[in-house]
Amino acid sequence: MRPHRAYSPGLTGVLSFRESRHLLEVLRAQVGDRFTVFDAEREALAEVVELGPPVRYRILEEWRPEREVGVEVALYPALLKGDKLSEVVRSATELGATRIQPLITRHSVPKEMGEGKLRRLQAVAVEAAKQSGRLRVPEVLPPMPLKALPAVEQGLVAHLGARSLVREVLDPLKPLALAVGPEGGFAEEEVELLQERGFTPVSLGRRILRAETAAIALLALCTAGEGR
Ligand code: SAM
């Protein structure tokens, strides 16, 4: 069987239906095949003992790898059109976000998100965590109005024309909150409100980035760019 990582909360010895199906139908697993299982705290080498479904496994060896940024990293992207948030959730998970919660802003075209879409985004986060070797799957939460954002200890808001650069203001050892606007940008009063809540406006360069590119660029500067 090809190398595989399966998400198995609690490392209970039984895979979920979804994980079992992947192992059986895509990877054609057989009894005795080995793969990796993980949950929020542990990773382990496992061996298939029963095909089921559900697939049952036994743990051969367990360890605790360090793949997290080391501080909480909350990403608040504005609600975006179509399926653009999938790209944001996938990349943000790879880049170490611990929480992703879309914001309903003045210029967001969609003003809500259905239950099905939220579940799809949560599934994207699980897949991206598996792919990137993370143990912790970021929380993906239903959208909230920008006004409901609480005050943060350290926040950065991507804003066209801002003077500060991430490297000038970032303290990588403090919990971090990041906000990015929708296709139509933040309204000025929204940027002011974010500043009142502890967010510093930062520039991501001279070009106008798509909202999803901006979210990924901002997060990359704060985590990958710091070697975290
Ligand atoms: N016309 C919009 C405006 O004036 O804000 C453009 C919005 S841009 C497509 C979407 C979001 O990406 C912006 O609200 C901002 O958060 C972020 N963004 C894009 N390019 C950026 C840049 N060069 N610097 C900082 N933030 C940027």
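## Cavity

One cavity of 30 Å³ or more is counted. A cavity is a set of points on a 1 Å grid over the protein atoms alone where a 1.4 Å probe fits but cannot get out. Grid points are joined across faces, edges and corners, and a volume is the space filled by probe spheres set on the points. The largest cavity has a volume of about 50 Å³.

Its lining residues (an atom within 4 Å of a point) include Val 69, Val 71, Val 73, Leu 170, Asp 171 and Lys 174. The lining divides into seven nonpolar, two polar and two charged residues. Here Ala, Val, Leu, Ile, Met, Phe, Trp, Tyr, Cys and Pro count as nonpolar, Asp, Glu, Lys and Arg as charged, and the others, Gly among them, as polar.

## Basis

This is a predicted model: local features need pLDDT of at least 70, side-chain atom pairs count only at pLDDT 80 or more, and totals for chains, interfaces and linings use all residues. Residues are numbered from 1 along each chain as its sequence is written, and side-chain values use heavy atoms, with hydrogens and water left out.

## Ligand shell

Around the ligand are 19 residues (a heavy atom within 4 Å). Ala 158, Gly 181, Leu 204, Arg 207 and Leu 209 come nearest. The shell divides into eleven nonpolar, six polar and two charged residues.

## Backbone contacts

Polar contacts are pairs of N or O atoms within 3.5 Å. A backbone N or O atom of Gly 181 lies 3.0 Å from a ligand oxygen. Ligand nitrogen atoms lie 2.9 Å from a backbone N or O atom of Leu 204 and 3.0 Å from one of Gly 205.

Conventions. On a 1 Å grid over the protein atoms alone, a cavity is a set of points where a 1.4 Å probe fits but cannot get out, and a pocket is an open set with protein on both sides within 12 Å along at least five of seven lines; lining residues have an atom within 4 Å of a point. A polar contact is a pair of N or O atoms within 3.5 Å; within protein, one must be able to donate a hydrogen and the other to accept it, and residues adjacent in sequence count only if both atoms are side-chain atoms.
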